[in-house]
Amino acid sequence: MQSPTVSIPNHVPAHLVRDIQFETLPGATDDPHKALRQLRDYPELFYAPRGHIGRGVWIPTRSRIIREAFQDAARFSSHQNAGFSAMFGEAWPLIPLEIDPPEHIKWRVLLNPLFTPAGVQKMEGKVRARTVDLIEKVRGNGGCEFQKEFGGPFPISIFMELVGLPMDLFDAFLSMEDGLLRGDAQTQAQCARDIRDFMVEFINERSRHPQDDLASFIVNSQLDGRPLTMDEKQGILFLLFVAGLDTVASALGFLFRELALDQTLQTRVRTQPEARANLIEEILRARTGIASGRCATRDMEFYGVQIKKGDRFALSTTLANLDEEEFGDPLDIDLDRQVNRHIAFAVGPHRCLGSHLARRELRIALDEWLERVPQFRVKDGERPKCSSGPVLGVTYLPLVWGS
Ligand code: HEM
């Protein structure tokens, strides 16, 4: 399994090394969940020398171990977990994702009220209006490439509405997001810098002319009785930008891929709206997935393995949610599943701040599509394409509907 060119730290035993990369798992283009689930045949904790964005990482393959690491920020730090500012030589953290407890809780206390169910309810009208706008653009065409025309643009436009950005910047944001998440190293660094510069300009603008939006809320917020620094303000806005885009686009892509491939399922949720909430939970459980970075804060023994301070981990929500010790027939979408304690939104202190918003976005998109577009399927002679990391996603989904 082991490639001769990769470097493996001395303390990593050879029998625990498997040279896989999340981004290039065999078979992932067709079925990334099946591809990833095969890692379950590996040891319960193994080392991949270039497993996560080219870095060496420990990968736990069992739900109980993944949950434990997510919950234990004292041993598994999120500091510089994503490292966007480091891409262009700076060191400000994404807030609250790259802040460890106890400091972390102060940020959640500040931001949580914006994303409670009641907070999200206030955004409902705007989310629905954007959904309908995007659907109406393709409805009369008899088909579309779903990810390009809906899955990708939809969460970006919601982010822009939420923060208060003018919609005429939509194309610029779409292209910066694409470069940041899918470009080569140089493009990523340039896009990260562009997004930061843009956020700073926008923060300054909202300081001069506050409005009723999230950017103005952040500009006027205080922590420990002092105003936020520019690094902190940009760290929050940058995170909200990256956290809610690919994740929602991916969940939408997998939701509509499933419905397009399984006509019986589609008919059932068309005729039984009460089954839609369960469908969304099953898609979140069995069809989404993120590999989250963590770093060991000390030397320790973890599940019988010697870990050194500074060792990196990749915690895969997919592997946790497809663990058959917790979920029978884990790859099946089962609308009648009775217990569904999935961790698509993680567990522990960094559990997703935007989970209520994400669920609302998915439900509104599902309801409005089923209401406005007749039975759809994958275009004849075509196959959807997917990608496997670090956020699992759908890259190509050609749909057709009507006669
Ligand atoms: C289906 C969609 C989504 C999924 C599957 C998802 C998943 C996750 C996961 C797994 C984490 C934990 C990351 C870690 O611990 O390393 C997380 C954190 C976070 N998510 Fe989401 N997310 C989604 C949508 C959103 C949306 C729409 C927003 C906001 C607008 C958002 C904002 C955040 C933030 C701010 C954090 C960091 C929380 C903290 O560090 O305390 N997410 N998300």
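This is a predicted model: local features need pLDDT of at least 70, side-chain atom pairs count only at pLDDT 80 or more; totals for chains, interfaces and linings use all residues.

Tutor: Residues are numbered from 1 along each chain as its sequence is written, and side-chain values use heavy atoms, with hydrogens and water left out.

Student: What makes a space count as a cavity, and how many cavities of 30 Å³ or more are there?

Tutor: On a 1 Å grid over the protein atoms alone, a cavity is a set of points where a 1.4 Å probe fits but cannot get out; by this rule there are 2 cavities of 30 Å³ or more.

Student: Which residues line the second largest cavity?

Tutor: Lining residues have an atom within 4 Å of a point, and those of the second largest cavity are Arg37, Arg40, Thr61, Leu319, Leu322 and Asp323.

Student: Why is Cys352 called a donor of the iron atom of the ligand?

Tutor: Donors are N, O and S atoms within 2.8 Å of the metal (3.2 Å for Na, K and Ca), and Cys352 (SG) lies at 2.3 Å from the iron, so Cys352 qualifies, as the only protein donor. Water is not among the atoms, so sites may look incomplete.

Student: Where is Cys352 placed?

Tutor: Cys352 is in the loop between helix H14 (317-321) and helix H15 (355-372), where helices are DSSP runs (H or I, at least four residues) numbered from the N terminus.

How values were computed:
On a 1 Å grid over the protein atoms alone, a cavity is a set of points where a 1.4 Å probe fits but cannot get out, and a pocket is an open set with protein on both sides within 12 Å along at least five of seven lines; lining residues have an atom within 4 Å of a point. Grid points are joined across faces, edges and corners, and a volume is the space filled by probe spheres set on the points. Helices (H or I, at least four residues) and strands (E, at least two) are DSSP runs, numbered from the N terminus.
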